[in-house]
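Please consult the sequence and the coordinates alongside the text.

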Amino acid sequence: MSEEIRNNTAKEERTSLWKLFSAFMRIGAFTFGGGYAMLPMLERECVDKTGWVTRDELLDYFAIGQCTPGVIAVNTATFIGKKERGFIGAVVTTAGVVLPSFVIISVLTALLANFAEIPAVKYALHGRRVAVGVLILNTVIKLVKQKVKGFFGYALCVLAFVLVALPPVIGLPFRISPVFVVIGAAIAGVVRGLIMRKRGESK
Amino acid sequence: MIYLILIYEFFKIGLFAAGGGLATLPFLSALADKYPWLTQDMISQMVALSESTPGPLGINMATYSGYMAGYNTFLEAGHSVWACRVFGVTTAFTATASLVMPSFIVIMIVARMLEKYKNSKLINDAFSGLRPAVAGLIAAAAWSVISITLFNFSSATFGGAFNFKEIAFFALMMVVTNVKPLKKLHPLVFIAFAAAVGILIGYTIGWGAA
């Protein structure tokens with residue numbers, strides 16, 4: 001118990017609120033499209049650079065963000081802030097990720113309503129989209145290499161991909177919501193755990 | 001009054017739109033039918049603006065609608081344009097904060113429960129299924145970005161094309177982001193580089209699809 005308290009205080013000394021705020025402000029200010037497009041930035045800022053969370057935890061937050069209300073980027077920010085510095089940390093990271101959007105949209109709407117029509121903006125966006133695709137693909141490759149293991153893992157990974165990506169490709173008129181994929185995968189995990197434990201007992 | 005309406009409407013959207021920013025779009029469209037300060041024209045302009053500016057889509061769209069609510073309401077009441085812009089910023093803040101509030105509360109509760117039950121077998125089993133599935137979901141998101149950019153893929157027309165410049169640039173970026181010394185660069189650098197190349201090509205030889 002006393003060790004746990006000591007660990008916690010050591011942790012609070014490590015992560016300053018400013019660091020949390022500025023990291024999430026960078027994430028908010030430089031990712032386009034939100035959600036999954038933020039993953040490469042989140043990985044760099046919160047896993048590789050600072051070790052605030054592990055890749056597993058980041059995936060968990062995305063899974064939870066998928067079926068809880070609200071914007072996924074904000075949910076993830078809240079999670080990481082809460083984990084590092086409790087309530088005040090969550091407030092700081094959430095404010096950090098929202099602030100750039102708020103300022104930029106307010107200014108542009110007030111002064112430059114046709115911003116999206118400017119050719120340079122369109123061209124930059126077009127180039128950026130290619131980079132975002134590349135960055136997400138790199139993240140996916142890394143994730144699959146590190147986190148997807150065994151037949152069960154690959155089966156779920158491929159199934160989730162196919163269920164969400166396939167209907168538009170083959171022209172089906174409906175989409176499968178990621179919410180159902182997440183719920184289904186959680187149930188599959190629980191069932192598999194139960195079966196494995198039962199097998200373990202009978203041996 | 002407009003502030004109370006915004007708090008009510010955006011708290012509701014924040015509570016019921018699960019699964020990310022784009023999920024708020026149908027709710028915003030319903031707002032445009034219900035109130036005079038937002039129109040369907042503004043909604044389509046809002047989507048274009050939100051996609052060409054940084055930040056989470058949901059936040060961008062809430063800020064835009066909130067701004068329009070204040071600006072148009074106070075303009076109607078006969079205030080000067082500059083005063084309306086200031087009011088617009090205050091209502092934008094109200095809408096954005098109200099949108100974030102429900103998910104903030106829910107996540108705080110979920111985070112506390114996770115900490116409490118992090119050693120439970122049930123929770124760990126559930127996450128052992130979730131992690132590979134989320135990797136698959138992220139792959140699907142990557143596919144949707146890539147298929148639109150490289151192949152103009154659209155399910156409406158059930159067809160596409162090969163955008164050779166985009167494909168070549170994609171291949172180049174794939175190499176650049178994976179070679180040894182450059183690999184460690186911040187994702188920001190790649191995004192800035194790609195934006196610069198985008199502008200350069202746009203003004204010189206032109207993008208096929210843009």
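Predicted model: local features only at pLDDT ≥ 70, side-chain atom pairs only at ≥ 80, totals over all residues.

Reader: Which residue ranges does the domain assignment give for domain 1 and domain 2 of chain B?

Author: The ranges are taken from the domain assignment of chain B. Domain 1 of chain B covers 2-115, and domain 2 of chain B covers 162-210.

Reader: Is chain B a compact globule or more spread out?

Author: Chain B has 9 helices and 0 strands. Its C-alpha trace spans about 60 × 60 × 40 Å along the principal axes. For 210 residues the globule rule gives 17 Å, whereas the radius of gyration of chain B is 22 Å, well over that value, so chain B is more spread out than a compact globule.

Reader: Which helix of chain A supplies the largest share of the side that touches chain B?

Author: In the contact between the chains, 96 residues of chain A meet 86 residues of chain B. Several helices of chain A each supply at least two residues to this side, including helix 2 (17-30), helix 5 (72-111) and helix 8 (178-202). The side of chain A that touches chain B divides into 62 nonpolar, 24 polar and 10 charged residues. The largest share, 25 residues, comes from helix 6 of chain A.

Reader: Is helix 6 of chain A oblique or roughly perpendicular to helix 7 of chain B?

Author: Helix 6 (residues 119-147) of chain A and helix 7 (residues 164-176) of chain B have axes 9 Å apart and pack at an angle of about 45°. Because of that angle, helix 6 of chain A is, relative to helix 7 of chain B, oblique.

Reader: How many nonpolar residues does the contact of helix 6 of chain A with helix 7 of chain B have?

Author: The two helices pass in a right-handed crossing. Helix 6 of chain A contributes A:Val130, A:Ala131, A:Gly133 and A:Val134, while helix 7 of chain B contributes B:Glu166, B:Phe169, B:Phe170, B:Met173 and B:Met174. By class, this contact has 1 polar, 1 charged and 7 nonpolar residues.

Reader: How many charged residues does the contact of helix 4 of chain A with helix 6 of chain B have?

Author: The axes of helix 4 of chain A and helix 6 (residues 121-151) of chain B come within 9 Å and cross at roughly 85°, which means that the helices are roughly perpendicular. A:Asp56, A:Leu59, A:Asp60, A:Phe62 and A:Ala63 of helix 4 of chain A meet B:Phe127, B:Leu130, B:Arg131 and B:Val134 of helix 6 of chain B. By class, the contact has 6 nonpolar residues, no polar residues and 3 charged residues.

Definitions and conventions: Residues numbered from 1 in each chain as written. Chains lettered and ligands numbered in written order. Axes fitted to C-alpha atoms, helices over the stretch in contact; angles between N-to-C directions. Helix = DSSP H or I, 4+ residues; strand = E, 2+ residues; numbered from the N terminus. Parallel < 35°, antiparallel > 145°, perpendicular 65-115°, else oblique. Left-handed = near helix turned anticlockwise from the far one by under 90°. Contact = placed C-beta atoms within 7 Å. Nonpolar A, V, L, I, M, F, W, Y, C, P; charged D, E, K, R; others polar. Domains from an automatic or database assignment. Rg over C-alpha atoms; globule rule 2.2 N^0.38 Å.
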